[in-house]
Each structure stands twice: as C-alpha cells, then as structure tokens.
Amino acid sequence: MDLSFYNSLTRRVEPLRPLVPGTVRMYTCGPTVYNYAHIGNFRAYMFEDLLRRTLEYAGLAVTHVMNLTDVDDKTIRGSRAAGVPLRDYTATYKKAFFEDLDTLGIERATVYPAATDHVPEMIALIGKLFEKGYAYQAPDKSVYFSVAKDPDYGKLAHLDRSGMRASVRISNDEYAKDDVGDFALWKAWDEADGDVKWDSPWGPGRPGWHIECSAMSAKYLGETFDIHTGGIDNLFPHHENEIAQAECATGKPFVKLWMHCAHLRVDGEKMSKSAGNFYTLRDLLAKGYTGREIRYVLLGGHYRQPLNFAFDALAASRTALSRIDEFTVRMEALAATAGGPVGSPDGQAPSWPDKHLESFASALADDLNSPLAFAAVFALVNEGNRLAQAGSLDAAGAAAALAALAKMDAVLGVLARPAAAIPAEVQALLDERAAVRRAKNWAESDRLRDAIAALGWTVKDTKDGPRLSKS
Ligand SMILES: [Zn+2]
C-alpha cells in the first residue's frame with residue numbers, strides 16, 4: 001500500500017517516504033486546555049486519527065506525539081478569573097479532553113507532553129537561538145526571534161517577504177498573517193501572569209506558545225521527523241514559527257511532510273459564540289447525538305475541504321449507521337447458520353468482498369479520501385445485501401463480509417455495532433419468555449413481550465432466535 005499525501009510545504013501530493021523505513025514519526029498540535037474543545041477542534045483531531053490509523057493499516061509503526069498547551073495567555077487568564085492555581089485549572093480541561101477523545105473513538109497518541117513539564121527544554125532551545133544570533137532581548141525584557149535573520153522565514157505560508165517590517169515585535173501567541181514580525185520566544189513576567197513564572201537566563205517569565213512545539217517535538221521525535229499536522233489555522237504564524245525556531249537552532253530540515261485540515265463551518269457559517277452556532281462536543285451530546293454519529297459526520301468530508309456541519313447531516317448519519325448495523329446483524333445471523341462458516345468447496349474463504357477492500361485502501365492511500373472510502377463500505381453493504389436477498393450468500397460468504405467490514409473499521413472506527421447494554425430487568429423477562437416459548441405457552445410469551453415493550457425494548461422472533469432492539 002503506497003501512500004501519497006498533500007504537502008502544504010511544497011503544495012503537491014507526494015509519496016510518503018519515511019525517514020526510517022517501516023516507521024513514521026508524527027507530531028500534532030494539541031489543545032490549549034483552558035476550556036472544553038469545540039467541534040472545529042475535533043475535526044482536526046479526527047483527521048489526525050484517520051491519518052494515524054491509515055498509516056497503521058499500511059503496516060507502518062507510528063510514534064505519535066500531541067502536546068498539551070497548559071500555559072499561555074488564555075490558560076493564565078482563565079485560571080485567574082476562576083481564582084484557582086493554573087495547574088488545577090488546566091487539569092480539569094485535560095481530563096475533559098481525554099473523555100471527549102474516548103467519546104469520539106479517537107485513539108490515544110503515544111505521548112501527550114505538557115508544556116509546563118518541558119520548560120527547561122524550551123529554555124535550552126532559546127539559548128541555542130541566542131548563541132547563533134537569531135534571538136535578542138528587547139527593552140521589555142522579553143526575548144524575540146529575529147525574522148530578518150532567517151532567509152527561509154515564510155516558506156510554509158508562502159509569504160511575500162518584501163512586505164515584512166522587521167522592526168515589528170509581536171508578543172501575542174496568535175496573530176494575523178498581516179502582522180509578520182519578530183515573535184516572542186520568552187515572555188518576561190508581568191502582573192497579568194500572577195504567580196505563573198519560571199526563572200531563566202533572561203529573567204523570570206514564561207515560554208511563548210511556538211517554542212513549546214519545537215522543543216517537545218525534538219525531544220520525542222528527533223530534530224528531523226516525518227509528519228507534522230494541524231488545523232489550517234495553525235499554519236501561520238504557529239507552524240511557520242516552529243520551522244524557523246527548529247531549523248535555525250539545528251541547521252537541519254525540521255519536518256518532511258506538513259498536513260493541514262480545512263475549517264469546519266456550521267450551517268454554512270463560521271462558527272462563533274456571537275453567531276450562536278458554537279458547539280462543544282458536550283453541547284451535541286446534550287442534544288441527544290452520540291459520539292459515533294458525530295464521528296461519522298466528521299470523517300465524512302475530505303480533510304482538505306471545508307466541512308459543513310449541519311444537524312441534518314447528523315440525522316443522516318443516524319440513518320447511514322443503522323443501515324450498516326442492519327447489515328452486520330444480517331451477516332452475523334447468516335454466518336451463524338448451518339454450523340458457521342465452512343468455506344467454499346475448495347477450502348478458500350470467499351473473495352467477493354476483496355474488491356471493496358481494495359477500493360477502500362486505494363481511496364485512503366490517495367491523500368486520505370474518506371468520502372471514497374465510505375463509498376467502498378456501502379458498496380460492500382449493498383453487494384452483501386443483494387447476495388443475501390438472492391439467497392446466494394452462505395455462512396462463509398457472510399463471514400467474509402464481516403471480516404472485510406472489521407478491517408475497514410480498523411481505520412474508520414465507526415462501523416462496529418455498539419453493544420446495547422441490556423438492563424438486567426429486560427434480560428430476566430427475555431429469559432423467562434424463552435422458557436415459556438419452549439413450553440409453547442404462547443399467551444404468556446405475548447404477555448412477556450408486551451412487558452418488555454413497556455420497558456422500551458422490542459423483541460423480534462427470527463429463525464435464529466429472538467432479537468432485541470431499543471424501541
Ligand atoms: Zn504546535
């Protein structure tokens with residue numbers, strides 16, 4: 001499986017050639033833990049989950065690092081407003097972040113380094129930039145990176161350097177593309193920081209946001225690594241600054257492949273609190289949607305296309321997922337018939353699902369084309385249903401369909417039918433009903449079916465036994 005991805009640095013789709021064959025080292029910019037993450041954030045984490053699972057599907061061993069920004073303007077402001085220490089304040093949102101990842105079925109990274117645990121590494125990196133003449137301390141005591149000293153600055157964002165004014169100094173972590181200028185590596189302590197400060201050769205203060213990712217990626221992945229990702233919002237200034245810091249300090253290329261996912265819009269508009277269309281994951285769960293349904297919507301669009309998140313898309317995901325679940329139930333029943341899968345006469349497993357697996361893999365290998373990958377899933381479902389309808393699918397054929405679906409789900413993480421937790425009370429009635437049916441007491445069987453229905457569950461009798469589903 002040869003993979004190709006769009007590289008934001010070269011603006012071309014390129015074949016992936018890992019630095020160490022068989023392995024991929026990948027860094028993804030993680031959350032700033034000052035609030036609950038919103039669905040725009042999760043679109044980027046979902047794209048990274050799809051990427052990472054696709055790399056693993058292709059047989060690559062992935063080392064995946066995601067940072068946690070637990071000190072910056074926003075976290076300090078939030079902790080001071082709440083009147084709690086920074087560490088306690090961010091701990092709440094770190095915990096919430098991991099709960100949200102689990103809800104969405106996003107696999108854990110190999111390591112989640114937190115910025116506050118790596119300040120010495122950041123000070124060392126700033127020291128290196130100082131030695132090499134790329135950093136200076138300004139009259140405000142903060143340390144800045146001198147953009148004019150780096151002839152490569154702007155190569156990721158494809159900036160026109162002629163418009164840059166080297167005299168401009170920017171101490172905010174986030175700023176607009178028009179504000180090209182020297183950015184803060186170390187921010188001198190001021191009163192707004194409260195008791196948040198570390199000692200450094202340049203006086204007390206705290207690291208800038210950008211230096212955190214350069215220092216922590218080098219620590220866990222080495223000075224040059226394979227893939228760096230993030231939302232398109234991170235491309236400038238954050239990723240541009242990461243490149244400048246890392247490459248000026250080491251003299252080596254920082255990252256081979258830069259991948260960015262496009263924006264998420266809600267009902268066609270930019271998500272914002274003032275527009276009333278701003279949703280955290282928790283907001284959507286409170287409206288009755290499941291993590292699985294939200295995952296399906298977030299995966300459904302190609303990562304380089306803006307994704308329009310709409311409530312009718314969530315409703316459609318419910319329909320699509322129940323089609324897949326019905327297929328799974330049908331194949332499971334068929335696979336369990338006549339003593340289970342026996343194989344085709346020559347002893348080989350039926351190969352009809354293979355072509356769907358092949359189109360699935362080649363869709364993902366071509367710059368993570370998830371819409372085409374889902375089309376392959378539904379082609380498998382449609383063909384399986386057609387064969388079953390025609391009575392030409394035996395147990396082995398059904399088992400092969402289930403195996404193909406499970407392989408696809410190793411990447412998509414959304415196809416497996418969630419096991420409905422059957423309440424003990426319902427299970428007891430179901431067992432009792434099975435007993436009276438064996439005794440051919442049909443009246444009592446019907447009464448028990450109604451009792452189960454009153455608890456919100458439907459029993460359907462099939463030739464393979466009773467099937468229970470939520471009403
Ligand atoms: Zn970053």
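Predicted model: local features only at pLDDT ≥ 70, side-chain atom pairs only at ≥ 80, totals over all residues.
Biologist: How is the protein chain divided?
Modeller: Into domain 1 (4-261), domain 2 (309-412) and domain 3 (424-470); the bounds come from an automatic or database domain assignment.

Biologist: How far apart do the C-alpha centres of domain 2 and domain 3 lie?
Modeller: Those centres are 30 Å apart.

Biologist: Turning to the largest nonpolar core, how many residues has it?
Modeller: It has 114 residues, and Met-46, Ile-126, Leu-129, Phe-145, Leu-185 and Val-377 have the most contacts inside it. Such a core is a set of buried Ala, Val, Leu, Ile, Met, Phe, Trp, Tyr and Cys residues joined through C-beta atoms within 7 Å. A residue is buried if 20 or more other C-beta atoms lie within 10 Å of its own, exposed if 12 or fewer, and partly exposed in between, with C-beta atoms placed from the backbone.

Biologist: Which helix gives the most to this core?
Modeller: Helix α12 (residues 395-412), with 11 residues. Helices (H or I, at least four residues) and strands (E, at least two) are DSSP runs, numbered from the N terminus.

Biologist: And where does the core lie relative to domain 1 and domain 2?
Modeller: Domain 1 and domain 2 both give residues to the core, so it lies between them.

Biologist: What does Val-377 touch?
Modeller: Leaving out residues up to four places away in sequence, Val-377 touches Phe-360, Met-408 and Leu-415; contact requires C-beta atoms, placed from the backbone, within 7 Å.

Biologist: Now strand β8 (residues 182-188): buried or exposed?
Modeller: 7 of its 7 residues are buried, so β8 is largely enclosed by the rest of the structure.

Biologist: Which sense does its pairing with β6 take?
Modeller: Strand β6 (residues 143-145) and β8 pair in the antiparallel sense over 3 bridges, pairing being at least two DSSP bridges between two strands. Phe-145 stands opposite Phe-183 in β8.

Biologist: What about β7 and β8?
Modeller: Strand β7 (residues 169-170) runs parallel to β8, joined by 2 bridges, and Ile-170 also stands opposite Phe-183.

Biologist: Finally, how many residues of strand β11 (residues 255-261) are buried?
Modeller: 6 of the 7 are buried, so β11 is largely enclosed by the rest of the structure. Strand β10 (residues 225-231) pairs with β11 in the parallel sense over 6 bridges, with Gly-231 opposite Cys-261.

Methods: Residues numbered from 1 in each chain as written. Contact = placed C-beta atoms within 7 Å.
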